[in-house]
Amino acid sequence: MTTPKVPKDVYEAELFRLQSELVTLQEWVRSTGTRVAVVFEGRDAAGKGGTIKRISEYLSPRVARIAALPAPTERERTEWYFQRYAAHLPAGGEIVLFDRSWYNRAGVEKVMGFCTPEEHARFLQQAPVFERMLIDDGILLRKYWFSVSDKEQLRRFRSRLDDPVRRWKLSPMDLESIARWEDYSRAKDEMFAHTDTPDSPWYVVESDIKRNARLNMIAHLLSTIPYREVKQQKVKLPKRPPADDYERPPRELFTSVPDHAARLAGDPEADA
């Protein structure tokens, strides 16, 4: 049975409602000093980035930040594997959205040979212990796997080829993932077998339909955290005091940006 796509008007209304709830969650996190870490994993083009964008759209970057780590440096390659990720974990009153995470070792590093079999085996052994330590220390950890079909992934890759503002998303590593679909599937199955634990379960988001996936993931995240509305102090705008003897300097003394918008609007004086 094919899942129907949520109509656009319904999607936009529900997304805004959920985003409003995320703001309520943010204020609760900030006022209580709660620490929230959300891991986003899945195949390339599975929709992780778009969902993160919708989650963070109305949140304060001082409270909710995105951790999207680049490839490790030479020095970082000699560290304990989890070390550089631990540096990005939330402090009190913070939400961290991991756009990919320490699970790189179980996915791309395993499949592409960027780590040794021994390093991979050690990761699968240590990851549940690492996460247990985070949870024991009070961090609310949530892990989401965005599941996309091979046909839909290929369609999204093709759409990026001819899109000048999204072409940068199509990397050589993405193209390699097409040929290694089954290798990634086996790596994911092995990862789940070791790290889908009662303490720190994986939540699978079916993401062939982006709108549905975003709503499902955000609604689920909100349902797993016992937040409540925090009473906010009412803000009253002060009256502007009457002008005294201040005079603004003439605009001609400043260097202003050209009025590009006026030209688009057809103002004949815009180029004057």
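Start with Lys-188. Its charged end sits over the ring of Phe-192, 4.4 Å from the ring centre. "Over a ring" means NZ of Lys or CZ of Arg within 6 Å of the ring centre and within 35 degrees of the ring normal. Arg-43 does this too: its charged end lies over the ring of Trp-181, 3.5 Å from the centre.

A word on the model. It is predicted, so local features need pLDDT of at least 70 and side-chain atom pairs pLDDT 80 or more, while totals for chains, interfaces and linings use all residues. Numbering runs from 1 along each chain as its sequence is written, and side-chain values use heavy atoms, without hydrogens or water.

Back to Phe-192. Ring pairs link Phe-192 into a cluster with Trp-80, Tyr-81, Phe-82, Tyr-85, Phe-98, Trp-102, Tyr-103, Phe-123, Phe-130, Trp-145 and Trp-202. The whole structure holds 19 aromatic pairs. The rule: rings of Phe, Tyr and Trp (its six-membered ring) pair with centres within 6.5 Å; planes under 30 degrees apart are stacked, over 60 edge-to-face, the rest tilted.

How far apart are the ring centres of Tyr-144 and Tyr-203? They are 5.6 Å apart, and the planes stand at 35 degrees, so the pair is tilted. Tyr-144 is in strand β4 (residues 140–147) and Tyr-203 in strand β5 (residues 202–206), 59 residues apart. Strands here are DSSP runs of E, at least two residues; helices are H or I, at least four; both are numbered from the N terminus.

Buried or exposed? Tyr-144 is buried, at 1% relative accessibility. Tyr-203 is partly exposed, at 27%. The cut-offs are under 20% for buried, over 50% for exposed, and partly exposed in between (1.4 Å probe, protein chains only).

Now helix packing. The axes of α5 (residues 117–136) and α8 (residues 181–195) come within 9 Å and cross at roughly 35 degrees. Axes are lines fitted to C-alpha atoms, for helices over the stretch in contact, with angles from 0 to 180 degrees between N-to-C directions. From α5, the contact uses His-120, Leu-124, Ala-127 and Pro-128; from α8, Glu-190, Met-191, His-194 and Thr-195. Contact is heavy atoms within 4.5 Å.

Next, helix α2 (residues 48–56). Its buried residues are Lys-48, Gly-50, Thr-51, Ile-52, Ile-55 and Ser-56. Their cover includes α1 (8–32), β1 (35–42), β2 (64–67), β3 (94–99), β4 and α9 (210–223).

Last, Gln-83. It belongs to helix α3 (residues 83–86). Gln-83 is partly exposed, at 37% relative accessibility. Its C-alpha atom is 26 Å from that of Val-204, 121 residues apart along the chain.
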